[in-house]
Amino acid sequence: MSCPPNIWSGLRQQYDLFCKDSEAGRGGLDDAAAMARVAALFGLPKRMKTLATGGAPTPSLDLEFAKRLCRHLEASFVNSYGTTET
């Protein structure tokens, strides 16, 4: 599945919201639980095999988040931005 940078940004913002409540002592989620919650948005566990970003440059924070999410999903990750230019 390929996602443009704005999708990765939205997923990272969702993750941040899950963690933010935890930091504020409002019963939020720890890192692993927040990552699992975001991963659940992709459906059944371990179903995704490869995720990609492309179409525009992906900001570094979103790119790092995408890589972490892929590790959690045990999926490959490809940054395909610029492939048509090469």
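Two aromatic pairs turn up when the whole structure is searched; rings of Phe, Tyr and Trp (its six-membered ring) count as a pair if their centres lie within 6.5 Å, with planes under 30 degrees apart called stacked, over 60 edge-to-face and the rest tilted. Please keep in mind that this is a predicted model, where local features need pLDDT of at least 70 and side-chain atom pairs count only at pLDDT 80 or more, while totals for chains, interfaces and linings use all residues. Residues are numbered from 1 along each chain as its sequence is written, and side-chain values use heavy atoms, leaving out hydrogens and water.

Let's take Trp8 and Phe77. Their ring centres are 6.0 Å apart and the planes sit at 80 degrees, so this pair is edge-to-face. Because Trp8 belongs to helix 1 (residues 5-23) and Phe77 to strand 3 (residues 76-79), the pair ties together parts 69 residues apart in sequence. Helices here are DSSP runs (H or I, at least four residues), as are strands (E, at least two), numbered from the N terminus.

So, buried or exposed? For Trp8, the answer is buried, at a relative accessible area of 0%. Phe77 is partly exposed, at 22%. Buried means under 20% relative accessible area, exposed over 50%, and partly exposed in between, using a 1.4 Å probe and protein chains only.

Now for Tyr15 and Phe65. Here the centres are 5.5 Å apart with the planes at 45 degrees, so we call the pair tilted. Tyr15 is in helix 1 and Phe65 in helix 3 (residues 60-73), so this pair links distant parts of the chain, 50 residues apart. Both Tyr15 and Phe65 are buried.
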